[in-house]
Amino acid sequence: FDNGDGDVSDNVGYLSADLSVRCEGGAYGALVAYALASAALYCAGIPALFACLLWRARDLIEPRTGGAIGDRLARERAAEEEPMRVGGVAFLYADYKPSAWWYELFVMGRKLFMSGVLVFVYEGTATQIVVAELVALGSLAVLYEVDPYLNPSDATLAKFAQWSEAFVLFGALLVKMKYLMSASSDEALFSFVVVAALLVPVALAVGAAVRDVRVALKPIVANK
């Protein structure tokens, strides 16, 4: 996205991402065309393709047999019977409940907004952080409401990760608005809390992985 931004020096615009390129002429036009094509392909084309594939197989991914276990069994059976239509897109829905087959599209849209679209929203201002905070809190609300994950460990990790993101954004807003105390002790405490909030999801991920390994090895140990 930096291909569209130019720095002005002596009334001549230069590309922020590469100051050897002037914001005019054929080279600049080629970079702009490349940036637009890449944005169309990666930011719109791939999510649209995934959405079409999921929508095409939605009746088999969410069988609606009347029970959660029945839905999961029917979905697994459909993936075996139709490997191209259902099994081929399992990476998009396998971690989620049948009723939340669409959740990966929501996650992709959220990531796209936070990493790409947000750079165009009042860049470098408190408004940009507020918008990001609202998106983070809205995503948390959807996560709690839908409860999409099959594995409780995945759900716990996702919740802590998004809470950590919301907390860091709130801290960034405090710093931006200069509400944070200037005393060194307060700054040290704030830094410690931010680092701790970022490390909690990592610790949960490691703990969940260790637990899954222990559960997987338990039958093997019992048979010895």
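Student: Where is Arg64 found?

Tutor: This is a predicted model. In it, Arg64 sits in the loop between helix H2 (58-61) and helix H3 (68-81).

Student: What is the phi of Arg64?

Tutor: Arg64 has a positive phi of about 55°, although it is not a glycine.

Student: Is Arg64 buried or exposed?

Tutor: Check the cut-off. Exposed means over 50% relative accessible area. Arg64 has 65% relative accessibility, so it counts as exposed.

Student: Which loop holds Asp147?

Tutor: Look between helix H6 (126-146) and H7. Asp147 has a positive phi of about 50°, and it is not a glycine either.

Student: Now a residue within a helix. Where does Ser139 lie?

Tutor: Ser139 lies in helix H6. Its relative accessibility is 3%, so Ser139 counts as buried.

Student: How many residues apart in sequence are Ser139 and Arg110?

Tutor: They are 29 residues apart in sequence. In space, their C-alpha atoms are 7.7 Å apart. Keep Arg110 in mind for the pocket.

Student: Which residues line the second largest pocket?

Tutor: Arg110 is one of them. The lining also includes Asp95, Tyr96, Tyr103, Phe106, Val107 and Lys111. Tyr149, Ala158, Ala161 and Gln162 belong to it too.

Student: How much space lies in that pocket?

Tutor: About 210 Å³ lies in the second largest pocket.

Student: Which helices each supply at least two residues of its lining?

Tutor: Helix H5 (103-115) and helix H7 (152-177) do. H5 gives the largest share of the lining, five residues.

Student: How do the lining residues divide into nonpolar, polar and charged?

Tutor: Sort each residue by its side-chain class. For the second largest pocket, seven are nonpolar, one is polar and three are charged.

Student: Let us turn to the surface. Which residues form a nonpolar patch there?

Tutor: Val195, Leu199, Val202, Val206 and Val210 form a nonpolar patch on the surface. Together they have about 430 Å² of accessible area.

Student: In which helix does Val206 lie?

Tutor: Val206 lies in helix H8, which covers residues 184-223. Find H8 in the structure above, then pick out Val206.

Note on methods:
Residues are numbered from 1 along each chain as its sequence is written. This is a predicted model: local features need pLDDT of at least 70, side-chain atom pairs count only at pLDDT 80 or more; totals for chains, interfaces and linings use all residues. Side-chain values use heavy atoms; hydrogens and water are left out. Patches are made of residues with over 30% relative accessible area and no salt bridge: like charges are joined within 9 Å, nonpolar side chains (Val, Leu, Ile, Met, Phe, Trp, Tyr) within 5 Å. Accessible areas come from the Shrake-Rupley method with a 1.4 Å probe; for residues, only the protein chains shown count as cover. A salt bridge is a side-chain nitrogen of Lys or Arg within 4 Å of a carboxyl oxygen of Asp or Glu. Helices (H or I, at least four residues) and strands (E, at least two) are DSSP runs, numbered from the N terminus. On a 1 Å grid over the protein atoms alone, a cavity is a set of points where a 1.4 Å probe fits but cannot get out, and a pocket is an open set with protein on both sides within 12 Å along at least five of seven lines; lining residues have an atom within 4 Å of a point. Grid points are joined across faces, edges and corners, and a volume is the space filled by probe spheres set on the points. Ala, Val, Leu, Ile, Met, Phe, Trp, Tyr, Cys and Pro count as nonpolar, Asp, Glu, Lys and Arg as charged, and the others, Gly among them, as polar. Buried means under 20% relative accessible area, exposed over 50%, partly exposed in between (1.4 Å probe, protein chains only).
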